[in-house]
Amino acid sequence: MGIETQQTHRPGQWKQQNKSHKHGKHRSKGQLERQSQGRVNVKTLSKRHKQQARKNDRRHQAQQVRKQKRDEVLEKKRNRGSQGSPPHFVVILPLHKDIDCDAVLQLLKNCDETAVVSQNEQGICHISVPRFKQRLSFFIPEYGNLHAILDAAKVADSLLCLLSPEGAVDSVGEYCISCLYAQGLPAVTFGVQGLKTLNIKKQNEAKKRIQRHIDKRFPTEKFHAIDSTQDALLVLRRITNHKLPTVFFRDNRPHLLAENIEFEIEGEESEVGTLKMSGYLRGRSLSANALVHLPGWGDFQMLQIDAPNDPHSFNQKLVKDSQKQSLDIEMEGEKEEVRTLEKADPRRQESLQSEVIPDPMEGEQTWPTDAELEEAEKQSKKKIMKKVPKGTSEYQSAWIVDDDEDHKGASKENLDESDDEDEDEDEDDIDMEAEEEEDSDNDEKSGDEEFETLTMTENNDAERYDENMDMDEERAMFEKMKEEKLHVMFPDEVDTPLEKVARQRFARYRGLKSFRTTLWDPKENLPLDYARIFQFGNFKKTKKRVLMDDSDGGALTGWYITVHIANVPREYMESYKPGTPLVVFGLLQHEQKMSVCNFVIKRCGETQFPIKSKERLIFHAGFRRFSACPIFSQHTNGNKHKFERFLNQDVATMATIYGPIVFPPSPVLVFKEMGTGTHELVATGSLSSVNPDRVVVKRVVLSGYPFKINKRSAVIRYMFFNTEDIMWFKPVELRTKWGRRGNIRDSLGTHGHMKCVFDGQLKSQDTVLMNLYKRVFPKWTYNPYIRNPPAICDTGDDDEEEDGEDMQAYQMFE
């Protein structure tokens, strides 16, 4: 019996070999933890610690910033209207002619028995409310007085808009709200008086109608009824507690609303005097060495700043003591001693110089070099033959000009005399003008006939309507509207004159390979007015430095001060009406200097009359009010911008003027003075930049028509009328209205026919165009003196207003 042995399987050479796990040839997290056995590298520990520390520091810093801002807001809110700050200034604005603002103000006076009420000569009512620990100032501007409303709203903390329960808002109120909305509104509160006197059914309808008017511009605001003292108290609480928005142009400059006015003049023949304005200083601190601005009158210097006693103190006991003290002083015949805060230092006082005095010899050599002297000596030895009268010396003959030189000089003078305004006028043919005159006469006749049939009423309204109409102004407006319509149909197209060669008429123009990419040197061929303006190397950096410079002046914010303004014209006081707000603004550094200002504006309102470039307009730019003749250009990117002959309707346009420097952002309102003296709002916008290097390029388009057409070449006529002009403009590229590009190849004959080559075959109905460009500059037309317009009148019912608009449109277009 044998022994059995167990056989085991041995794998062969063809055994399957599986791939190992690809772990990236590095140790995994588990392997690292098992090998470290809880130990941590020192570098890793310190890195985590620093990262966590930095995170905690950032969180702590953010908490500190939030706390600081929260404390600033709370402190500003607690100090609003308190003893150390100016009273909360509220403007009561009626939005309907039937509103009785005096009755509303009387309710606000009597709503709290403990309130202290006082009123000054300027129509400002002061109310100190111990319950709210605040004092308020109320002012009611004249209904329809646009300048009074805008000036009061510029310095107001709150605006109390009163609506009528029956008519809500009339046309004057809507117009005022539109102007204030574009200027920058303070905190707004809406109130309605007389709502509870209506029937219950009519009350609901009136509420819906009033809220519908408010939701157009203020969708989050609600109105408050003001029919009792309890309602008035709730409105007062609302005014003192709501959030005040920031108005940049006002909060970053010192400003003052006059509570008391005195005007001192040396003699009756003197045209200027010293204006003393007393009031509460708001915004920033004011120094006597700075300049101040009176809206509509310009910039002035100050003599000194005084600090009289506060006549409207919050403490009732102090008020009684001050009133008793002032009565005792008046009985004794003595004047109250006033403390002088600061007097102007002539060495540190800002200058009123707004322009640079140009030096005609700047850039010229004061003494010739040796090489120039030798060259001049060689030129003097050359003999020139001239025809001179008998008895003429050699010195006198040097001043006699030959015929050739005289002809050259005359042509140069003709170029100089043809200024921008003459070139801007696009002249039409005589036949076209005659046809337009006949058409206009026929239109006027037909318009008169239709006008008689449309306006015949029993009250004889047609004759009264005609008495207030200026026919000359109507004709001028009609001609301007036809010109605008022609410009829209054929933009920038100009006919080549027959009586003058084109190379002289368009000598200042040039051709551009590409309007977008071709560079234009902004320092090239600048006018003489550019030597009178100021320019900054870095305007944004200058603005940041000026706004951060909050050096302590003579008077701090909230003080009741008296400002002595020197050399104020006598007309300022002669034109003053009692009850009109007088406002003075302090200027920042450099803001009295002239430069080139660019405003982004857009047409607004329902006015359809055209506004031409270089037409005089009235600007309300921030705290300033002035008139100027702007030039319009497209609001686009790039190094050059196309000049616009008219202000477009629905497109933002850039208006460029010579004006005083203002640090943006600053809102702007543009008005047009009508024939009746009223100011019509035509555009709104803001200040874009103060940049003299902004290039505005005017384009003129010369047109020609195909005479003979081949495959890629064509004979063009009526673009020029002589061979010299064709050779002069030969390098300029041509284009057609149907998108072809080409160039002038040669002149054919002597009457202006030319052979041109294009990138494709022309159509017989196509038009060949040549674009020429030149840079345009604004005119120096800045005028800081603006008279107050007459008050705005209500146009009446909506139906009558629509009829008036239809009649005006009929007269203009028919």
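Axes here are lines fitted to C-alpha atoms, for helices over the stretch in contact, and angles run from 0 to 180 degrees between N-to-C directions. Before selecting anything, note that this is a predicted model, in which local features need pLDDT of at least 70 and side-chain atom pairs count only at pLDDT 80 or more, while totals for chains, interfaces and linings use all residues. Residues are numbered from 1 along each chain as its sequence is written, and side-chain values use heavy atoms, with hydrogens and water left out.

**First stop: two helices**

Select residues 101-110, helix α3, together with residues 229-241, helix α7, whose axes lie 8 Å apart and meet at an angle of about 80 degrees. Helices (H or I, at least four residues) and strands (E, at least two) are DSSP runs, numbered from the N terminus. The two helices are therefore roughly perpendicular, the word used for 65 to 115 degrees, whereas under 35 counts as roughly parallel, over 145 as roughly antiparallel and the rest as oblique. Show the side chains next: Leu 107, Leu 108 and Asn 110 of α3 make the contact with Thr 229, Ala 232 and Leu 236 of α7, contact meaning heavy atoms within 4.5 Å.

**Second stop: aromatic rings**

The whole structure contains 17 aromatic pairs, where rings of Phe, Tyr and Trp (its six-membered ring) pair if their centres lie within 6.5 Å, with planes under 30 degrees apart counted as stacked, over 60 as edge-to-face and the rest as tilted. Select Trp 297 and Tyr 785, whose ring centres are 6.2 Å apart and whose planes stand at 75 degrees, so this pair is edge-to-face. Trp 297 is in the loop between β11 and β12 and Tyr 785 in the loop between β30 and α21, so the pair ties together parts that are 488 residues apart in sequence. Trp 297 is buried at 16% relative accessible area, and Tyr 785 is partly exposed at 48%; buried means under 20%, exposed over 50% and partly exposed in between (1.4 Å probe, protein chains only).

Move on to Phe 720 and Phe 729, a stacked pair with centres 5.2 Å apart and planes at 10 degrees; Phe 720 is buried at 0%, and Phe 729 is buried at 3%. Then select Tyr 530, Tyr 658, Phe 777 and Trp 780, which ring pairs link into a cluster.

**Last stop: cysteines**

How many disulfides does the structure hold? There are zero, a disulfide being a pair of cysteine sulfur atoms within 2.5 Å. Select Cys 161, which is buried at 0%, and whose sulfur is 9.9 Å from the closest cysteine sulfur, in Cys 176, too far for a bond.
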